[in-house]
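Dear colleague,

I am passing on the structure that follows, together with notes on what came out of the analysis. Please read the notes with the coordinates open beside them.

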Amino acid sequence: MDLGIKGKRALVCASSKGLGLGCAEALAEAGVHLTMNARSAGPLEEAAQDIRDRFGVEVTAVAADITTPDGREDVLAAAGQIDILVTNAGGPPPGLWSDWSREDFIAALDANMLTPIALMTEILPHMMQRGWGRVVNITSQSVKAPIGVLGLSNAARTGLTGYVAGTARQVAPHGVTINNLLPGIHATDRAVSLDSGVSQQQNISMEEARAQREATIPARRYGTREEFGAMCAFICSQHAGFMVAQNVLLDGGATNFTI
Ligand code: NAP
């Protein structure tokens, strides 16, 4: 399917690995020029070069912490015009509700709520002026059903979801859509670190920890970054212009609910 976005320009945050990389690859395959971002320059440049080689699109790589004002300024300055924005950052650490301090919450809110909001605040006016834009926020299945050990994530991401629900409807008249993509468990470094938490907590091997978590998913496996990226690229396509303020869950059926 031709996604109709060849030649558009996208900023994909936190995209040297994992789900962000999956989104960058799928957009590049659709002919979109990219600005990619991550904190560590080495893996970022490697991923950027791989995408240039495979898809022949322009890729600007900006090593910066997207959760800081300085980092965002550097990324936005390098990106120039942005038609497609994919927001993403590392997720908060797991823990117990009774352990978290105000500082822990501020850090989680900064990374997973206020950073995407700051990026949208900067970029949406330009998209509206041009009459076209797509924003996809990578959030989490924890927005639909809370995950006990990820209370910081539950809190920050539902805050972002509420913001999107209101804002998406204000920018839609200008040809700009905002939607959220909700990953369940995907086979990325983040999943490995959560497997490792389970393995340590229960004194079982990493393989057993993964098998235990896979058994909770009706699809009986983790998702892949390619599947995730393909959905992101579709939401950014010309075909998805009527999709506004949706929360698209990719979790292999793990969240047990009807609608
Ligand atoms: P990942 O495999 O660990 O990759 C994270 C990527 O983000 C890396 O490229 C990392 O590069 C970059 N990054 C992290 N913090 C950053 C920052 N402050 N500024 C710029 N770049 C940053 O993680 P993932 O699995 O793709 O997860 C992506 C998001 O989805 C996370 O918020 C995660 O909590 C959420 N999520 C993931 C899953 C899952 O199963 N994978 C499920 C639900 C939700 P550097 O380290 O070099 O910065």
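Domain bounds, as used here, come from an automatic or database domain assignment. On that basis the chain is divided into domain 1 (9-184 + 224-250) and domain 2 (185-222). This is a predicted model, in which local features need pLDDT of at least 70 and side-chain atom pairs count only at pLDDT 80 or more, while totals for chains, interfaces and linings use all residues. Residues are numbered from 1 along each chain as its sequence is written, and side-chain values use heavy atoms, with hydrogens and water left out.

**The domain interface**

The C-alpha centres of domain 1 and domain 2 lie 24 Å apart, and 14 residues of domain 1 are in contact (heavy atoms within 4.5 Å) with 8 residues of domain 2. Between them the two domains bury about 840 Å², 52% of it on carbon and sulfur atoms, where buried area is the accessible area (1.4 Å probe) that two parts lose on being put together, summed over both. Gly184, Thr224 and Glu227 supply 39% of the area that domain 1 buries against domain 2, more than any other three residues.

There are 2 salt bridges between domain 1 and domain 2, a salt bridge being a side-chain nitrogen of Lys or Arg within 4 Å of a carboxyl oxygen of Asp or Glu. A salt bridge also joins the side chains of Asp189 and Lys17, at 3.5 Å from N to O. On the side of domain 1 that touches domain 2, the elements giving two or more residues are helix H1 (18-29) and H8; helices are DSSP runs (H or I, at least four residues), numbered from the N terminus.

**Cysteines**

A search of the whole structure finds 0 disulfides, a disulfide being a pair of cysteine sulfur atoms within 2.5 Å. For Cys23 this is because the closest cysteine sulfur, in Cys232, is 3.5 Å from its own, too far for a bond. Cys236 is likewise in no disulfide, the nearest cysteine sulfur, that of Cys232, being 4.2 Å away.

**Backbone**

Most residues other than glycine have a negative phi. Asn203, however, which is not a glycine, has a positive phi of about 55 degrees; Asn203 lies in the loop between helix H6 (189-202) and helix H7 (206-214) and counts as exposed (over 50%), at 71% relative accessibility. Arg220 has a positive phi near 60 degrees, and is found in the loop between H7 and helix H8 (225-235).

Best regards

Technical notes. Buried < 20%, exposed > 50% of the residue type's maximum accessible area, 1.4 Å probe, protein only.
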